[in-house]
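Morning, everyone. Please look at the screen while I talk.

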Amino acid sequence: MEFSHKKIEKKWQKYWDENHTFKTTNNHDKKSFVLDMFPYPSGAGLHVGHPKGYTATDVFARMRRMQQYDVLHPIGWDAFGLPAEQYALKTGNDPREFTAKNIDIFRAQLKTLGFSYDYEKEVNTSHPNYYKVTQWIFQQLYKKGLAEIREANVNWCEGLGTVLANEEVILENGKMVSEVGGFEVIKKPMKQWVLKITKYADRLLDGLEGLDWPNSVKELQKNWIGKSKGMLIDFKVENKDDVIKVFTTRADTIFGVSYIVLAPENENVLKLTTQDNLDNVKKYIEVTKTKTDIERQDDSKEKTGVFTGSYVINPVNGDKVPVWVADYVLNDYATGAVMAVPAHDERDWKFASKYDLPIKFVIETKDESKAFVGEGIHINSEFLDGLDRIQAIEAMGKKLKELNAGEERINYKLRDWLFSRQRFYGEPFPVLFLEDGEIALIDEKDLPLELPKTDYIKPSGTGESPLANLTDWVNVEYNGKKAKRETNTMPQWAGSCWYYLAYILTVSPNELIDIESQEAKELFKKWLPVDLYIGGQEHAVLHLMYARFWHQVLFDLGVVPTPEPFQKLINQGMILADTGEKMSKSKGNVINPDEIVESHGADTLRLYEVFMGPLEASLPWSFKGLDGARKWLDRVYRMVETIELTDQNNGNLDFVYNDVVKKVTKMIEECKFNTAISQLMVFVNAVYKETTPVYKEYIFNFTKMLSVFAPHLAEELWEKMGNKNSVCLQEWPSYDESKLVLNTVTIAVQINGKLKATFEADKGLAKEELISKAKEIQNIAENIQGKEIVKEIAVPDKIVNIVVK
Ligand code: ANZ
């Protein structure tokens, strides 16, 4: 006996739509904000990877709703993006129409999967009402001095006609290319907006402490911020008034310094290069321009460099130290200058070995044939001899301060955020460049500054965005002065920095209440922070870092009441092809969720995707597994169809029922969905073993628990059993702890020492009662009938033996 998923799924989707079953409520004091990383509505439609995370949040949100929480479980569209821009450039069509079409496809697909989203709260980052707020937030950043225009070395991609963020660039055969399209990328200085995220480095670091996030993600964020404590040390240039400042975390190794290295881009390089070294150095600088930072830092690559001809003086022992230029030192980290200690640093070791520079051990080691980077006792270091690393760093710090040659310094790897893109399809910057060089913010009441409607989206040819072609839009007047608009737009990250807030503000699709209103304040107070956020590992660093940064700024402005946006985070694993490889169009191994919904049903797909294994694991797709999920749902359907229900509880299922409710509740709470489903299976097996009518309430409550995983089937069964109203709005079952102690035992019944029967009895039943129950068993009664009973022996909780003649 099977059910028709096609019939029931459509039927209940329509019911939920018409009855606004999943409308966000505001009736309870408990709340749960359950958030998915919203999709980019690409032309390719939904991938089977999407429903994995989306089902996980859906299960959680559905349980919370039934546990009488107010639940905010929304969806929306990260809708600006490069594919739409390229489509527009290629076809001349408006990227807005293209995006709208894709959104409709995505929404329809999501609806077929039965997610309990409140579609009234749908957001779209490319809608003017939405980016009005994105622009407003930018203006707040500007007013706080956190946004400024800088000449910066950017990744310029001629092929795409835009600057790319580092993470949008990949290495192919040692060359930088764009991740999208594989076009060549080079470093080029350009005027760009930057957001000063580095000002929030410590906050971003400290804030991680209280978050319930995977350790791996916290570590990634910590490494990205890369806080390191060290010293800035002054090395005076010999016979000159100049000073080279180096940053080191190992001031204690200063007696082992054998040369200084400057990054090729360091401003001191040409100043320090002597005439006879100039050609070499200049050549070296040119070669460096073709290299990526990744290549330069690759430890497996040979180190190269050139001598400048100059020397500096070691401030502690007065030694004369040669100054070299080498590309393994990066210019935009710390001072772009390093004191090299080859005995205790592997890169310096390689470099010194190659160029025959001195190597002097200052920390004791048995093996002086390679760099020693471990802990040890200082040697050859005058007043540091005999000290360990920590003691020596402290002593050297004191000494350098006395000599006026050093100070403590904290450095971060985190860079300010390049925030300009040379694209049409992004948020316009709400600023004006006045003819006198001033920058003016567009009046708040004039926001949003909309993207112009145009059928002319063409490359500008100048490296500027296609907006530069639209001179009517670009050239304006402002307070009687000539002014120009910014032709760059914001990166796609901007819209996703605050979309979780947009859901809270949205009253109907793309209608938002004012972010600064009293009402907004109250709503933020109610809903923040996000209680559960599920999404892919690929956003572990940037999206989460950028969103936290904006949130912290908004917190400082008093707009939001919590210091952090996302309290609990889980990264869902990927769904791989059945071979274990990544699914990709080029390999032809992509599974289309629409086809699975058609063949097996949405409930089966949902169940399968969260039953495959732990949510965090990346696991291969299996049609066998999918069939198994479907078979189990058919088994559940048959169970309810054939079962006889009763209002009387005979107690048979008490233990298993209460045990299952307890475990399922706890496991969903902990997002262990696969084991929660196993528990539901245990319950169904127990019901199948029953030969007498089954207690109705237990089956009802089972159906409620089923509804979070397989909502369509659960609704259908709920209705079949004579219930009205959606099962999804029923109260989540509770369990009775007292029923969780197994309080029955199996008693063996013997006649003349031979086992004849067994029966279940309450624990601790008295001997007489055990004996009389044993005698009531048909088989026993027949065996003793007409015989003389010589003896009746009972051992409580174990055995009854009747001796007859
Ligand atoms: C001397 C030294 C001796 C160092 C030693 C290390 C080991 P983190 O922790 O990453 O901050 N360094 C400084 N600026 C650099 C730059 N612009 N490019 C490449 N390397 C740079 O590391 C700080 C260490 O990285 C510094 O400490 C410096 O080398 C190097 F046994 O100075 B050290």
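Start with the shell around the ligand, sorted by class: 8 residues are nonpolar, 6 are polar and 4 are charged. Keep in mind that this is a predicted model. Which of the 18 residues come nearest to the ligand? They are Ser-228, Thr-248, Leu-330, Tyr-333 and Lys-413.

Now some distances. In the side chain of Ser-228, an N or O atom sits 2.6 Å from a ligand oxygen. Lys-413 also uses its side chain: a polar atom there is 2.7 Å from an oxygen atom of the ligand. Leu-330 uses its backbone instead, with a polar atom 2.7 Å from a ligand nitrogen. How much of the ligand does the protein cover? On its own, the ligand has 640 Å² of accessible area, and the protein covers 86% of that. Two elements, β11 (243-248) and β15 (337-340), each give two or more residues to the shell.

Next, the domains. Domain 1 is 127-196 + 416-507, domain 2 is 228-411, and domain 3 is 742-804. Between the C-alpha centres of domain 2 and domain 3 there are 90 Å.

Last, Gln-68. Find it in the loop between α2 (49-66) and β2 (70-72). Is Gln-68 buried or partly exposed? Its relative accessibility is 28%, so Gln-68 counts as partly exposed. A polar atom of its side chain lies 3.2 Å from the backbone oxygen of Met-66. Beyond four places in sequence, Gln-68 is in contact with His-28, Lys-30, Gln-730 and Glu-731. Asn-27 is 41 residues away along the chain, yet the C-alpha atoms of Asn-27 and Gln-68 are 8.9 Å apart.

Methods. Residues numbered from 1 in each chain as written. Predicted model: local features only at pLDDT ≥ 70, side-chain atom pairs only at ≥ 80, totals over all residues. Heavy atoms only, no water. Near = heavy atom within 4 Å. Polar contact = N/O pair within 3.5 Å; in protein donor to acceptor, adjacent residues only side chain to side chain. Areas by Shrake-Rupley, 256 points an atom, 1.4 Å probe, with all protein chains shown as cover. Helix = DSSP H or I, 4+ residues; strand = E, 2+ residues; numbered from the N terminus. Nonpolar A, V, L, I, M, F, W, Y, C, P; charged D, E, K, R; others polar. Domains from an automatic or database assignment. Buried < 20%, exposed > 50% of the residue type's maximum accessible area, 1.4 Å probe, protein only. Contact = heavy atoms within 4.5 Å.
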